[in-house]
Amino acid sequence: MDDASRADVAASLDWWEERDPRIKVVHLPENRGPYFARNVALERYAHGDYVTVHDDDDWSHPRKIEAQVARLEAERGVPANMSRSVRTTPDLRLYRRTPEPEFAQDNYSSLMIRRGVLDGLGYWDVVNRAADGELRDRIMAAHDIEVPVVGQAPLSWMRAWPESISHGEISRGYIDPRRRWYGMAYRAWHGRARER
């Protein structure tokens, strides 16, 4: 999904589509954010049994998808899983933005979800931050189950660009108030939904 990127970026995506018939590039007419773009992909283009995403600035291990699918195939009652990742600077230097003493962390954007789960619960909340965590928590609330993490080793590298929305919103001991507010709001909504 091309969320109305610059012409040179759009052209490079078209180059990949021409090179590999498995790739279908969809150019959205205006930038509405990653969660809107993901929902359009789900509503109109995705037809598989499992759904996951990969952001344009990240790198994934060539067998990441295979590992996550194998785990879902082995655990039929589990609605979703995710992998681990490390954060890097744009020039690929490892860094931590949380107080945990390790670089590898659970990667919410690696959620792999059974399509039927999304059809029942809805897709990503169309906000400009933290909807991956909300979707994971919504799945856990609806199914009363932890979303498992596949393996201990990181299967992706997430590059943190200074221009990204999340840059500066989370650091050791600090979480942007907008993220905290959104987390409190959606957890309260999940609790009310569970009670109903």
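Begin with the loop between S3 and strand S4 (94-95), and select Leu 92, which lies there. Helices (H or I, at least four residues) and strands (E, at least two) are DSSP runs, numbered from the N terminus. Leu 92 is not a glycine, yet its phi is positive, about 70 degrees. Its relative accessibility of 47% makes Leu 92 partly exposed; buried means under 20% relative accessible area, exposed over 50%, and partly exposed in between (1.4 Å probe, protein chains only).

Two remarks on conventions apply here. The model is predicted, so local features need pLDDT of at least 70 and side-chain atom pairs count only at pLDDT 80 or more, while totals for chains, interfaces and linings use all residues. Residues are numbered from 1 along each chain as its sequence is written, and side-chain values use heavy atoms, with hydrogens and water left out.

Next, select Asp 144, in the loop between H5 and strand S6 (149-159). Asp 144 also has a positive phi, near 50 degrees, in a residue other than glycine. With a relative accessible area of 67%, Asp 144 is exposed.

**The whole chain**

Now zoom out and colour by secondary structure. The protein has 6 helices and 8 strands, arranged along the sequence as α-α-β-β-α-β-β-β-α-α-β-β-β-α. The C-alpha trace spans about 50 × 35 × 35 Å along its principal axes. For 196 residues, a compact globule would have a radius of gyration near 16 Å, and the 17 Å of the protein agrees with this; the radius is taken over C-alpha atoms, and the globule rule is 2.2 Å times the number of residues to the power 0.38.

Of the 196 residues, 39% count as buried. Among contacts with a separation of 6 or more, 69% are between residues 24 or more positions apart, where contact means heavy atoms within 4.5 Å.

**The largest nonpolar core**

Which residues have the most contacts inside the largest nonpolar core? Select Leu 111, Ile 113, Leu 118, Trp 124, Leu 135, Ile 139 and Val 147, within a core of 20 residues. Two or more residues of this core come from each of helix H2 (34-44), strand S3 (80-88), strand S5 (105-114), helix H4 (115-121), helix H5 (131-143) and helix H6 (177-195). The largest share, 4 residues, comes from H5. Such a core is a set of buried Ala, Val, Leu, Ile, Met, Phe, Trp, Tyr and Cys residues joined through side-chain atoms within 4.5 Å. In soluble globular proteins, nonpolar side chains tend to be buried together.

Centre the view on Trp 124. Not counting residues up to four places away in sequence, Trp 124 touches Tyr 35, Arg 38, Asn 39, Leu 42, Val 51, Val 53, Ala 131, Asp 132, Leu 135 and Arg 138.

Move to Ser 83 in strand S3, which is buried at 0% relative accessibility. Leaving aside neighbours within four places in sequence, its contacts include Lys 64, Gln 68, Asn 107, Val 149 and Leu 155.

Finally, select Met 158 in strand S6. Is Met 158 buried or exposed? Its relative accessible area is 13%, so Met 158 is buried. Beyond residues up to four places away in sequence, Met 158 touches Asp 58, Ser 85, Val 86, Arg 87, Thr 88, Asn 107 and Ser 109. A distance to draw is that from Met 158 to Asp 8: these residues are 150 apart along the chain, and their C-alpha atoms are separated by 23 Å.
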